[in-house]
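Here is a short tour of a protein chain, from its overall build down to single residues. Keep the structure open and click along as you read.

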Amino acid sequence: MSGTQRLAAEGPVYELTGDSALLERMLLIRRFEDAVQRLFQRGEVHGTTHLYSGQEAGAVGVCAALAPGDRAAGTYRGHGHALALGVDPQGLMDELLGRASGVCGGRAGSMNVVDLRHGLVGCFGIVGGSIAAATGVALGFQRRGLENVAVAFFGEGTSNQAYFAECLNFAQVLRLPVVFVCENNRYMEFTPIEDVTAGEIPARVEALGLWNRTVDGMDVQAVRAGASEAVAHARSGAGPAFLQTLTYRFVGHSRSDPGAYRKPGELDEMRRRDPLAVERARLIEDGAADEAELDGLEARVAAYIDEVAARALEAPFPDPEAEFQEYKG
Ligand SMILES: Cc1ncc(C[n+]2csc(CCOP(=O)(O)OP(=O)(O)O)c2C)c(N)n1
């Protein structure tokens, strides 16, 4: 890479404070989505929602490895990507409820949130859209001589989509500063990945010569460590990096999904590896926090999200007629 500059950040990409910051951010995502699910069931969230529950360590670990001015593109399962980047939970909740104070003025809903102030170039309802967006952003960084990286989050099923082959090849040929983060939660919608996929996904990226690692996606520290290496590689000008996180989705794919495709006992087994519990146990074992402190943290986050939800329900809806008149001038 020729330049030495980095794109100035318009807002914090991620504020890390204290030993329990990663746990706190994962808790924020989990409680936020619990509230979204309740509000969705009451008919307050229009369209549909895809929850990230169980996968929080992925977004939080990766975003913790980013620097100001870096960018990321999320998926339709994007609440976690947004909150991990530091998007304001109130603005996001208002958005999901279609309120004017939402980060996109109430027009994006659950699946298509954009917040450039916090590095979120978009969440994409189109499978693979995040890959194309991040590759384009990385091309822009390279052309402008900036030392920033772009991250694409996507699921393992997306590796069967054309964007994956086209963009990874393009990025590798041009040595673009992009990190491809494949969040392997084992199922694409209701289909086990092995039923529809030939070979292993990392073998595909190895064939292209990409730097790649697979990490435990239920362990936020493992994700952060792997992501730090991936980001450093991409930032150095050596080309794109590929990070696979082995994770699990605790809830249905979307609104109506009884989960009949799951293998017996699998959900219970993976719940025992809940990324929040894994990080909590580590903090206690390391002596960085005690049970009472972490109980207090959990209660604070839960109370904060209750307030966020209550405020969102009170927030005004957009007024399209007034906005149109203003637009006409
Ligand atoms: C181009 C396109 N094709 C199909 C769909 C329908 N669809 C939505 S989610 C999904 C499965 C994606 O699975 P995966 O990439 O593993 O991500 P996950 O949902 O597991 O996070 C599909 C096929 C879509 N949204 N966009």
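## The whole chain

How much of the protein chain do buried residues make up? They account for 49% of its 329 residues. Keep in mind that what you're looking at is a predicted model.

The chain contains 13 helices and eight strands. Its radius of gyration is 19 Å, close to the 20 Å that the globule rule gives for 329 residues, so the chain is as compact as a globular protein of that length. Laid along its principal axes, the C-alpha trace spans about 60 × 50 × 40 Å. If you take the contacts with a separation of 6 or more, 78% of them are between residues 24 or more positions apart.

## The nonpolar core

In soluble globular proteins, nonpolar side chains tend to be buried together. Here, the largest nonpolar core has 86 residues. Ala 134, Val 151, Ala 152, Val 178 and Val 179 are the ones with the most contacts inside this core. Helix H1, residues 21-41, gives the core its largest share, 10 residues.

Zoom in on Val 179 and see who it meets. Setting aside residues up to four places away in sequence, Val 179 touches Val 149, Val 151, Ala 230, Val 231, Ala 234, Pro 240, Ala 241 and Leu 243.

## Helix H5

Among the buried residues of H5 are Ala 133, Ala 134, Val 137, Ala 138 and Phe 141. You've already met Ala 134, which is one of the residues with the most contacts inside the largest core.

What do the buried residues of H5 pack against? Their partners are strands E1, E2 (120-124), E3 (150-155) and E4, plus helix H6. After H5 comes Gly 145, with a positive phi near 70°.

## Helix H6

H6 covers residues 162-174, which is 13 residues. From its first C-alpha to its last it reaches 18 Å, close to the 18 Å expected at 1.5 Å a residue.

Which residues of H6 are buried? They are Tyr 163, Phe 164, Cys 167, Leu 168 and Ala 171. Look down the axis of H6 and these buried residues fall within an arc of 105°, so they line one face of the helix. There's a handy bit of background here: an α-helix has 3.6 residues a turn, so residues three or four places apart point the same way. On the other side of H6, Ala 162 and Val 173 are exposed.

The cover over the buried residues of H6 includes helix H5 (129-143), strand E4 (178-184) and helix H8 (201-207). Following H6 is Arg 175, which has a positive phi near 55°.

Thr 75 sits in strand E1, residues 71-75. Is Thr 75 buried or exposed? It is buried, because 26 other C-beta atoms lie within 10 Å. Leaving out neighbours within four places in sequence, Thr 75 is in contact with Cys 123, Phe 124, Ser 130, Phe 153, Phe 154 and Gly 155. Thr 75 and Asn 112 are 37 residues apart in sequence, yet their C-alpha atoms are 8.1 Å apart in space.

Val 215 belongs to strand E7, residues 211-216. With 24 other C-beta atoms within 10 Å, Val 215 is buried too. Gly 226 is 11 residues from Val 215 along the chain, and 6.6 Å separates their C-alpha atoms.

## Two loop residues with positive phi

Arg 186 is in the loop between E4 and strand E5 (187-188). Although Arg 186 is not a glycine, its phi is positive, near 80°. Arg 186 counts as buried because it has 20 other C-beta atoms within 10 Å, and the cut-off for buried is 20 or more.

Glu 189 lies in the loop between E5 and strand E6 (191-192). Glu 189 has a positive phi of about 55°, and it isn't a glycine either. How many other C-beta atoms lie within 10 Å of Glu 189? There are 13, so Glu 189 is partly exposed.

Definitions and conventions. Residues numbered from 1 in each chain as written. Core = buried A, V, L, I, M, F, W, Y, C linked by C-beta atoms within 7 Å. Buried ≥ 20, exposed ≤ 12 C-beta atoms within 10 Å, placed from the backbone. Helix = DSSP H or I, 4+ residues; strand = E, 2+ residues; numbered from the N terminus. Contact = placed C-beta atoms within 7 Å. Expected span 1.5 Å × (residues − 1). Arc of directions from axis to C-beta. Rg over C-alpha atoms; globule rule 2.2 N^0.38 Å.
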